[in-house]
Amino acid sequence: MSDAAPAVSVAKRPADVMKKLVALCKQRGFVFQSSEIYGGLKSAYDYGPLGAELKRNLMGEWWKDMVTTRENVVGIDASIIMHPNVWRASGHAAGFSDPLVDCKVSKERFRADKAPRPAVGAELPITCPDKGVAKDWADQIEKNFGIIMERDGNVLSGVRAISASEVGFFPKGASAPTKTWPWRGYVSPTFGSAFLTEEKQFNLMFRTALGAVDPMAEVSDIIGDMFVFDEALLLANDRKKGDELIAAVRRKFPKEASDKEHPIGKAIEDGNRHLIIRTVIEAVTRNSMVYLRPETAQAMFVQFKNVMDSSGMKPPFGIAQMGKSFRNEVTVEHFIFRSCEFEQMEMEFFCEPGTQKEWMTFWKEARMSWWRRFANYPEDFVFRQHAKDEMAFYADDCYDVEYKYPWGWGELEGIASRTDYDLTQHEKHSGVTLQYVDQEKADPKTGAKPWKYKPYVIEPAAGATRALLCFLIDAYHEEERTTATGEKEIRTVLKLHPKLAPIKCAVLPLVKKDGMPEKAREIIAALLKAGVNAKYDEKASIGKRYAKHDEIGTPYCITVDGDTLTADTVTLRDRDTTLQIRLPIAEVVATIKARLEA
Ligand code: ATP
C-alpha cells in the first residue's frame, strides 16, 4: 500500500452516464425495476439496500434542515388517502390533468405541454427509427394526408412551420406550400412529427374505493337494471338505442338528468352516449371513490387549524411533510426522474399578507444552499423564474430550482408564492374558518384590532426520488488513472456527500487470516456502537474491495494489515483522493465521526 495517490485525470461525466448509472444501480443494489421477475411494472421502482439508505439519508437531511433545526417549522405525517373533497377544493379533481396528444403516424402518446416547439419557419423533419419504418410511414402519410414526403435514409422531410398555427408541405425546391394544415405549435418529442390528434385531458390521480362497497358491482347493478328495463321497452316501442339510453338515465336519475348544470344533464344535452354512460358511472361511484394523493402539500392546508391550535404556532411558521405521492403519468421518463409512485419533500410556510416577497427571498436562499451543500458541482443547480403565463392564476411568483440533467435543464424543486388561495379554497369547501387572529396587530385596512387574516403561503416543493437521481448523477465519476506499474485504468467512483453515502465506512482485513478478521470485527463493533453505518468486507482482493466501495460511494475504508497486529494501527483510505494515512485503532471511531460531521 502506498501513501501516494496515482496520477488522475478526471472525466466529470461520461456522455452515457444514464446508461451506466442505471446498470450500476441494479448491479450494486440502489434501484431495481419493480416486480422484475414478472417482467417489470412500468414506471415503478424499488430501492434496494443501498438505495433505501441513500433515500433515508437524503430525506433525513431535508427534515433536519427544514424542521428539526428551525424553531418556526413543524412536521406532520398525513395519510395518503384523504377525503375526496380535499381534491375537489384544491382543483386537482377537475384540473389535475395533462393535455395528451397522439401522433397519427407513429402512435406515440405524449404531453402537449412538454413537447418541443420549433421556431416559425423551421423545417419539421420526421426522424424515423430506421429506413424500413421511414418507408412505411411515408406510405401512410401519402395515403392519409395526400403528400409524398421526401425520404433520405430514416428522415422524412418537406413539412415546414409556416406560422405558429399552421404547417405546410413544400415539395423539394418549391417556395410555396402545396398543402397546409392547422397546427398547435409543437411536434412529437421522439420523432418530430406534426401529424397529431387533438389534445385530450386526462386525470393523473389514481382512484380506488374505500369501504365495504364494491363500486364496480354497484355500477354493473345499476346499468344492468337500466338495460333490462330498456329491453322490454325496446321490444314494445322499437325505439332507437340512443333514445333508450337517455330514457333509462332519465328514469334512474330524474333530478340530475333535468339539471343542465349537472354532468349527467349536460351529457344528455350533448347527446354523447359515451359521455352519458361515463357521467352515470361517476355519479354512482362518487361516494365510495377516493384518490391516492398526487402531492403531499394539501394535508398542510387541511391540518393548518389543528396544527396551530395544538402546537401554539403562529405566523410566520411552516408545516412540512415528506412522503409518497402518486401520479398516473403519461410520459414516464429518464429512469426515476418521472415515475408514477415517487416521494416528495414539501413545506407550506404561512406568513402575513404583504410579507410574502421577503419570505420568498428567504426560502429561495435556504433551499438553494441546501442543494448546493451536497453537490460536487454547485453550478449545476440554478433558479428559473416562471413567466406570468406559466404560473397558476393565483400565484404571485414562482421559481423552479433546475438541475443540469444529462438530457438538459429540468425541474428539481418548485418554490411558489401561492397567496391565500389554498386556505380560501378549503375554507369554502369545508365551511371551517381557516384564519389567524393576531390580537397584537390592527387590521391594515380598518385600523381595528385584532387583525384576522388568512396567511399567505410560500411553498418549497421538492422531489425526493428525483433528488436521489440528481445526486447520483452529480456523484458519478470515471477517472482515468495511471497505476504504479504505468498502466492506464478507469476508476468508477460515486463521490456522494458523506452525509448521503449509504455506507459510511468499510472495514477490510487485508487477508482472511493471521487474526486480521478478528481485529476488523472489533473495529466494526466499535463503529456500529458509535452509530456509524459501517460494513465488514473480506471478499476478494483488497484492490477489488476498494473498487467496489468507490463504486457505491463509501467515503472511508479502514484496512487491517500486518502492522495492525504488531502496532495497533490501521490505514484510513479516503474515497475521493485515494490517499491513505495510518492511525492508531484507538482513534478510528473519533476520526471517522469527526470527518462525517465536518
Ligand atoms: P414536472 O413539471 O416535472 O411534471 P411538476 O411541476 O408537476 O413537475 P410539482 O407538482 O411542483 O411538479 O411537484 C414538486 C416536485 O415533485 C417536482 O419538482 C419534482 O421534483 C417532483 N415530482 C413531480 N412529479 C414527479 C414524478 N412523476 N416523479 C418523480 N418526481 C416528481
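Reply: Here is a short chat about the ligand site, a pocket and some strands.

Reply: First, this is a predicted model, where local features need pLDDT of at least 70 and side-chain atom pairs count only at pLDDT 80 or more, while totals for chains, interfaces and linings use all residues. Residues are numbered from 1 along each chain as its sequence is written, and side-chain values use heavy atoms, with hydrogens and water left out.

Me: How far is a ligand oxygen from the side chain of Lys-114?

Reply: 2.8 Å, going to an N or O atom of the Lys-114 side chain. For Arg-327 the distance from a ligand oxygen to a side-chain N or O is also 2.8 Å, and for Gln-344 it's 3.1 Å.

Me: And how much of the ligand does the protein cover?

Reply: 84% of the 590 Å² of accessible area that the ligand has on its own. That area comes from the Shrake-Rupley method with a 1.4 Å probe.

Me: Switching topic: which residues lie nearest the centre of the second largest pocket?

Reply: Ala-93, Arg-207, Arg-278, Glu-282 and Tyr-291, out of 25 lining residues. A pocket is an open set of points on a 1 Å grid over the protein atoms alone, where a 1.4 Å probe fits, with protein on both sides within 12 Å along at least five of seven lines; lining residues have an atom within 4 Å of a point.

Me: Which element gives the most to that lining?

Reply: α10, with six residues. Helices (H or I, at least four residues) and strands (E, at least two) are DSSP runs, numbered from the N terminus.

Me: Last one: how do β10 and β11 run, parallel or antiparallel?

Reply: Antiparallel, with four bridges joining β10 (residues 159–163) to β11 (residues 166–169). They form a hairpin with two residues between them, and Ala-161 stands opposite Val-167 in β11. On the β12 side, Val-167 stands opposite Trp-181. Strands pair if DSSP finds at least two bridges between them.

Key
Polar contact = N/O pair within 3.5 Å; in protein donor to acceptor, adjacent residues only side chain to side chain.
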